Amino acid sequence: INTGDPQDKDLNGDYYEQFAAVDNPAVVSGSSVSLSKHKHQTPSISKEMVNPAKDSTPLDIAILLPSSSSSSVSCPSGPSPGAQYRLVTAIPAGCDPSNCDYYLGIRTNDEDPQFLDFMMAGKAQGWIAIGFSPKQEMPDADVLACAVNPDTSQVVVMDTYNIPDDHNNIPDTIQNICPHSASFTGGRISCVLSRAINTGDPQDKDLNGDYYEQFAAVDNPAVVSGSSVS
């Protein structure tokens with residue numbers, strides 16, 4: 001419980017627990033093994049502090065995102081401001097992206113055709129999102145979202161998914177996105193990002209396939225926990 005080593009915590013105390021199961025291989029140096037560095041966040045963090053030496057209550061786990069947009073991939077350059085999008089959804093139909101209730105544009109990235117560019121915009125105080133699902137329902141959807149941090153009014157670009165057989169939406173362990181721009185002005189959220197067509201991540205859909213699209217522009221604020229937004 002208390003080793004007396006300054007590099008160890010006295011486990012008769014209150015701490016947040018951080019849980020990780022990582023595919024990145026450990027690092028071998030001579031006869032030593034250490035954990036590999038990884039760019040993405042720890043997958044899960046306890047919502048409450050616990051005392052490992054005394055507590056026995058089941059933990060409430062949160063899956064959190066950094067308070068600013070992040071990426072775990074090598075990213076191509078984003079589209080130019082005047083880029084044309086080949087697949088467009090606009091509500092109401094035919095509206096200009098600057099005043100649509102909801103706008104989604106998708107195009108192939110100019111620099112790397114294995115990536116798609118997404119432009120999202122909408123009238124919302126909380127977040128906007130696009131989901132791709134094999135069914136006309138929310139569970140098992142791959143969701144890209146742009147959410148306003150209500151504490152800072154900054155927009156966080158997020159790679160998330162809906163759990164199969166459930167409506168819960170949680171952030172991907174690995175953020176396979178390339179945020180290029182994001183803003184919240186005059187009650188409108190807008191963002192531009194890129195994502196590989198097939199990331200190889202089981203939490204992402206291979207976008208070279210047929211899906212129902214799910215559109216959202218929501219006024220409910222995003223949830224802030226410490227320095228993270230979800």
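**Close-up views**

View 1. Gln175 counts as buried, with a relative accessibility of 1%; buried means under 20% relative accessible area, exposed over 50%, and partly exposed in between (1.4 Å probe, protein chains only). This is a predicted model, in which local features need pLDDT of at least 70, side-chain atom pairs count only at pLDDT 80 or more, and totals for chains, interfaces and linings use all residues. Residues are numbered from 1 along each chain as its sequence is written, and side-chain values use heavy atoms, with hydrogens and water left out. Gln175 belongs to the loop that runs between strands E12 and E13 (178-185); strands (E, at least two residues) and helices (H or I, at least four) are DSSP runs numbered from the N terminus. The Gln175 side chain reaches the backbone oxygen of Asp159 at 2.9 Å. A polar atom of that side chain also lies 3.2 Å from the backbone oxygen of Asp172. A polar contact is a pair of N or O atoms within 3.5 Å; within protein, one must be able to donate a hydrogen and the other to accept it, and residues adjacent in sequence count only if both atoms are side-chain atoms.

**View 2. Asn168 in its loop.** Asn168 sits between strand E11 (155-162) and E12. Its relative accessibility is 42%, so Asn168 counts as partly exposed. Apart from neighbours within four places in sequence, Asn168 is in contact with Tyr161, Asn162 and Ile163, where contact means heavy atoms within 4.5 Å. Met138 is 30 residues from Asn168 in sequence, and their C-alpha atoms are 8.8 Å apart in space.

**View 3. Strand E8 and its two partners.** E8 (residues 115-123) has seven of its nine residues buried, so the strand is largely enclosed by the rest of the structure. Strand E7 (residues 102-108) pairs with E8 in the antiparallel sense over seven bridges; two strands pair if DSSP finds at least two bridges between them. A hairpin of six residues connects E7 to E8. Leu116 of E8 stands opposite Thr108. Leu116 also stands opposite Arg195 in E14. That strand, E14 (residues 188-196), pairs with E8 over nine bridges, again in the antiparallel sense.

**View 4. An open sheet of five strands.** The order is E12-E11-E10-E9-E15, with antiparallel pairing. E12 (169-171) and E15 (212-218) stand at the edges with a single partner strand each, so one side of each has no neighbour in the sheet. On average, neighbouring strands of this sheet are turned by 25° against each other, direction ignored; axes are lines fitted to C-alpha atoms, for helices over the stretch in contact, and angles run from 0 to 180 degrees between N-to-C directions. Within the sheet, E9 (residues 127-133) and E10 (residues 142-148) pair over six bridges. Trp127 stands opposite Ala147 in E10.

**View 5. Two nonpolar cores.** A nonpolar core is a set of buried Ala, Val, Leu, Ile, Met, Phe, Trp, Tyr and Cys residues joined through side-chain atoms within 4.5 Å. In the largest, which has 21 residues, Phe118, Met120, Cys146 and Leu193 touch the most other members. At least two residues of this core come from each of E7, E8, E9, E10, E11 and E14. Another core of 10 residues lies apart from it and includes Ala141, Val143, Met158 and Ala222.
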